[in-house]
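Here is a quick tour for someone meeting this structure for the first time. Take a look at it, then read on.

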Number of protein chains: 2
Amino acid sequence: MSNPLRIGLAGLGTVGASVIRLLKRQADALTSRTARRIEVVAVSARDRGRDRGVDLADVEWLDDPVALARHEGVDIFVELIGGADGPALDAVTAALAAGRSCVTANKALLAKHGLRLARLAEEKGAALSFEASVAGGIPIVKTLREGLAGNQIERVYGVLNGTCNYILSRMEQERLSFADCLAEAQRLGYAEADPTFDVGGFDTAHKLAILTSLAFGTAIDAEAVNVEGIESIRLADLEAADELGYRVKLLGVARRTPDGIEQRVHPTMVPKSSSVAQVMGVTNAVTIDADAVHELTLVGPGAGGEATASAVVADIADIARGVRSKPFGLPVAALARAEPAPMQLHLGGYYIRLCAFDRPGAAAAIASRFAERDISLESIVQRRRPGVGAGPAGTAPVILITYATHEKTLREALEAAVADGFLAEKPQFIRIERE
Amino acid sequence: MSNPLRIGLAGLGTVGASVIRLLKRQADALTSRTARRIEVVAVSARDRGRDRGVDLADVEWLDDPVALARHEGVDIFVELIGGADGPALDAVTAALAAGRSCVTANKALLAKHGLRLARLAEEKGAALSFEASVAGGIPIVKTLREGLAGNQIERVYGVLNGTCNYILSRMEQERLSFADCLAEAQRLGYAEADPTFDVGGFDTAHKLAILTSLAFGTAIDAEAVNVEGIESIRLADLEAADELGYRVKLLGVARRTPDGIEQRVHPTMVPKSSSVAQVMGVTNAVTIDADAVHELTLVGPGAGGEATASAVVADIADIARGVRSKPFGLPVAALARAEPAPMQLHLGGYYIRLCAFDRPGAAAAIASRFAERDISLESIVQRRRPGVGAGPAGTAPVILITYATHEKTLREALEAAVADGFLAEKPQFIRIERE
């Protein structure tokens, strides 16, 4: 048996405490699997006095995470502080610079500095592992980096934010408004007091940027992600989706296109029969389309202390076994600069909800704005009955589903319809994603 | 760049030819990922003349797979011959004995000789990898062996045989008999001329035995799997399942119980809302229940040349990167001898379909046979109308759903009901599996 593998852990929130618990609970099995005894020898966190339900009596306490990262008595530095910059960045940089392997759950850090940190890890022969940064307990990083090594990946997409999925699931199931569901999610601790990071799609965008790099062998580029949140989704949209055989999910989608790599986060209509449509509540799911494996879907817990800790511990176990995977699968020098595909060139179907003045011929006039741009309509529904989806008095909702068209063309058609003066409100549109 | 990694491949069926194609198609990416050029240098197959759509001009041909396995010019031996014994066993044994790493898709070989081969691999410091042996392109072996290293696994179950799932899906969707769907599957090439291995559940049992060892750290024991096939499933069962909110799937289930490890393969009623119930046609799915990650489901292609080759190539890439995972996750000496839990102690709900003589009080008399053994019934439906599920004239189908009970008790109740003389046919029962 080799010497114990000594862990220094910075950040003792829910995930940090769970990592310590899991390492203890699975100590014998992990020793057997890795031929190393894994021991947390030092920690760092803000509040020294707080009871975290774990025994820290034999563990050295450092106030400064950077000092912990540089600690000579630590073999692996685990960063669970969070934040794209500040102490998390300083500590991971310090650990890697000292040739110390790092495990992190920090998607924001990776989205912003992943390429630079991977280069540093490579130079120093250290591991930089981040299974926990995307989709919690789902081993999606390992799957993309190792499990699909023989594939050319065409698309990776999924439900990557439990808060948004919880809100959309509740809106659909309980026929509640976005505001009511958000308030409920905040009460239950599923959403932050400032929910922008989640409901605005930014959390999903960070995770998607990581998946894109792993899937396509490209340099991580979070700036290139087109981001829209779920704030604009009305109950009327979910009800119309339901009638038409769809559900609305906040998806992160990365796709290889003739115009480059498309990275986008937005509310998306998915057929009810699709795998991602089945994913309700705080569960996450990722689907990969690839040339050899065709379609692979992983479904599991996207958050939670123990589920996220499961991913952290798997990374630690790999490092303990001596595995040194390249952070993004390829050497940093081989990661291609991804040409971002502009959203205007996005090709896909669209759901459109218009609030039209209730005049004879309104729907026909609107439809002609699509026809003159060669946008084919799969369905057009104009509702005169009051109730569901109803707008102001004297208006009627018109729901359109288009066949595949370019986003630029679609936006032009909508602008023309607005200019015609038939619409009482700004048009709503939601992109459709098919399996 | 190191020397090329030289592959010797035995068995040039659909999967073998796909492995050669994938290695060529992804050659540059694989070289970048592994820092080794991967080259197929020698092959062995029965029919030298057959056109397989791959260029074998520069490849050495050996007639004897054992000679290929021992070939000094080969670094990794890939076994795609098939069969639990014979040339596959001889060749893998020869390769490992020579310290040569092996990749195989051969579930029958592993189910029967996995422990012995893993011991040999360990002694010789060679890899023995078999991602392709279970669930085709789904990276379930890697997930269990590495991705969930921090978990204690409680249950692993799934749809592991595409032939059976295709037949059951078609029976349900098209309201066809088992015999008609089997004939159709044979016409389409989804089922063999002798379908016993698939429809009898034996293929699933081999795969389950491998998953059990990986999940629970136990010595592989395919003999301990309780196996029932789908031949007994009638359209009446699928229709009753549908009405009651269930689907019927052939599941392989391995579970940690107080009485030992339960390994069973049988037609199973699963709630329509469950992940495995969504899996239709030739798709496979595996769900894992574990203490930290709770529930994780992987869905993908269970068979097919390219999907299976994807798994073979991922194994080759891991070996090329220098990774030497223990075949079953733990050293062979640490694999526990699993105490098999007897089926008589199985605890679960049951669906029961009885063909009762249409006499007053038949259903009540049958129900009392359950009541006197403290078996609680969730529902009891006696149909007097003709049509669906109807048996011989003068009989009426009775459908029962029980709450959790022991299999022994259930069987006793059914025997008592048979002895009462109320039943015109042998009772049908199907175990219920819940998420």
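## Ground rules

This is a predicted model, where local features need pLDDT of at least 70, side-chain atom pairs count only at pLDDT 80 or more, and totals for chains, interfaces and linings use all residues. Residues are numbered from 1 along each chain as its sequence is written, chains are lettered from A and ligands numbered from 1 in the order in which they are written, and side-chain values use heavy atoms, with hydrogens and water left out.

## Two copies

How do the copies meet? Through the same surface, because 100% of the interface residues of chain A are also interface residues in chain B.

## A sheet in chain B

Chain B has an open sheet of 6 strands, in the order β3-β2-β1-β4-β5-β6, with parallel pairing. Strands (E, at least two residues) and helices (H or I, at least four) are DSSP runs, numbered from the N terminus, and two strands pair if DSSP finds at least two bridges between them. At the edges sit β3 (60-61) and β6 (128-129) of chain B, each pairing on one side only.

Helix α1 (residues 14-25) of chain B packs on this sheet and touches β1 and β2 of chain B, its direction making about 155° with that of β2(B). Contact here means heavy atoms within 4.5 Å; the axes are lines fitted to C-alpha atoms, for helices over the stretch in contact, and angles run from 0 to 180 degrees between N-to-C directions.

## Aromatic pairs

Over all chains, the structure holds 6 aromatic pairs. Rings of Phe, Tyr and Trp (its six-membered ring) pair if their centres lie within 6.5 Å; planes under 30 degrees apart count as stacked, over 60 as edge-to-face and the rest as tilted. One of the pairs is Tyr350(A) with Phe429(A), edge-to-face at 5.7 Å centre to centre and 65° between the planes.

Tyr350(A) is buried at 0% relative accessibility, and Phe429(A) is buried at 18% (buried means under 20% relative accessible area, exposed over 50%, partly exposed in between, with a 1.4 Å probe and protein chains only).
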